[in-house]
Amino acid sequence: MITRRLVSMLFGSLALAGAVFADELVVIAHPASGVVALERTQVVHLFLGRTRALPFGERATIYEVDAYRALFYRQLVRQEIAEVDAYWARLRFSGRTQPPQLLEDGAAAVDRVAAEPHALAAVASADIDERVRVVFRLPLP
């Protein structure tokens, strides 16, 4: 009985992971932000709170999608989500900065970025539409 549940959970997890792996993860920006492209180091600094400014000096609002967080950080900085969460816990405790705002899905992230000129979000390429601009592509394995 327990073995069947474990096998079922394993295949369910693989199916969910397959849906995310099928897409490329991208960082999106509002077309009016002036940001055309970001380098990997800029994305790392923005999403890890090391800087909050876009290349032109405007303060960025960063959004994350819960379903993509683990894969995004694993590919971006080669860290598991537990390590990233521990990093943010230290920064929050010290009062230095706050983590990106967490959204429920890619559609919500696209809506927020489309409505806010200085917003960035990491989403699956399947989530995007013409209201946003891709500024960084994260290759997946």
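**Entry 1: the pairing of strand 2 and strand 4.** I began with strand 2 and strand 4, which pair in the parallel sense over three bridges; two strands count as paired if DSSP finds at least two bridges between them. Helices (H or I, at least four residues) and strands (E, at least two) are DSSP runs numbered from the N terminus. Ile62 has Leu120 of strand 4 as its bridge partner.

**Entry 2: the basis of the model.** I note that this is a predicted model, in which local features need pLDDT of at least 70, side-chain atom pairs count only at pLDDT 80 or more, and totals for chains, interfaces and linings use all residues. Residues are numbered from 1 along each chain as its sequence is written, and side-chain values use heavy atoms, with hydrogens and water left out.

**Entry 3: the overall pattern.** I recorded five helices and five strands. Along the sequence they follow the pattern α-β-α-β-α-α-β-α-β-β. The protein has 141 residues, and 38% of them count as buried; buried means under 20% relative accessible area, exposed over 50%, and partly exposed in between (1.4 Å probe, protein chains only). I also looked up contacts, meaning heavy atoms within 4.5 Å. Of the contacts with a separation of 6 or more, 71% are between residues 24 or more positions apart.

Entry 4: In what order do the strands of the open sheet lie? The order is 3-2-4-1-5, with mixed pairing among the five strands. Strand 3 (101-103) and strand 5 are the edge strands, as each pairs on one side only. From one strand to the next the twist averages 25°. Strand 1 and strand 4 run antiparallel and are joined by five bridges. Within this pair, Val26 stands opposite Val123, and Ile28 stands opposite Ala121.

**Entry 5: the cover of strand 4.** I then asked how many of the residues of strand 4 are buried. The count is six of its six residues. On one side these are Ala119, Ala121 and Val123, and on the other Leu120, Ala122 and Ala124.

Entry 6: Helix 3 lies across strand 1, strand 2, strand 3, strand 4 and strand 5, and runs at about 65° to strand 5. For such angles, axes are lines fitted to C-alpha atoms, for helices over the stretch in contact, and the angles run from 0 to 180 degrees between N-to-C directions. In helix 2 I found Val43, Val44, Leu46 and Phe47 buried. These buried residues pack against strand 1, strand 2, helix 3, helix 4, strand 4 and strand 5. Just after helix 2, Gly49 takes a positive phi of about 75°.

**Entry 7: the nonpolar core.** A nonpolar core is a set of buried Ala, Val, Leu, Ile, Met, Phe, Trp, Tyr and Cys residues joined through side-chain atoms within 4.5 Å. The largest one here has 42 residues, and Val27, Phe47, Phe72 and Leu120 have the most contacts inside it. Strand 4 gives the largest share, six residues. Leaving aside neighbours within four places in sequence, I listed the contacts of Phe72 as Leu25, Val27, Val43, Phe47, Ala122 and Leu138. In soluble globular proteins, nonpolar side chains tend to be buried together.

**Entry 8: salt bridges.** I found six salt bridges in the structure, each a side-chain nitrogen of Lys or Arg within 4 Å of a carboxyl oxygen of Asp or Glu. In one of them, the closest N and O atoms of Glu24 and Arg137 are 2.8 Å apart. Glu24 lies in the loop between helix 1 (2-21) and strand 1, and Arg137 in strand 5, so the pair ties together parts 113 residues apart in sequence. Glu24 is partly exposed at 28% relative accessibility, and Arg137 is partly exposed at 47%.

Which residues are linked in a network of salt bridges? They are Glu64, Arg69 and Asp85. The closest N and O atoms are 2.7 Å apart between Glu64 and Arg69, and 2.8 Å apart between Asp85 and Arg69. Asp85 lies in helix 4 and Arg69 in helix 3, so this pair ties together parts 16 residues apart in sequence. Glu64 and Arg69 are buried, whereas Asp85 is partly exposed, with a relative accessible area of 34%.
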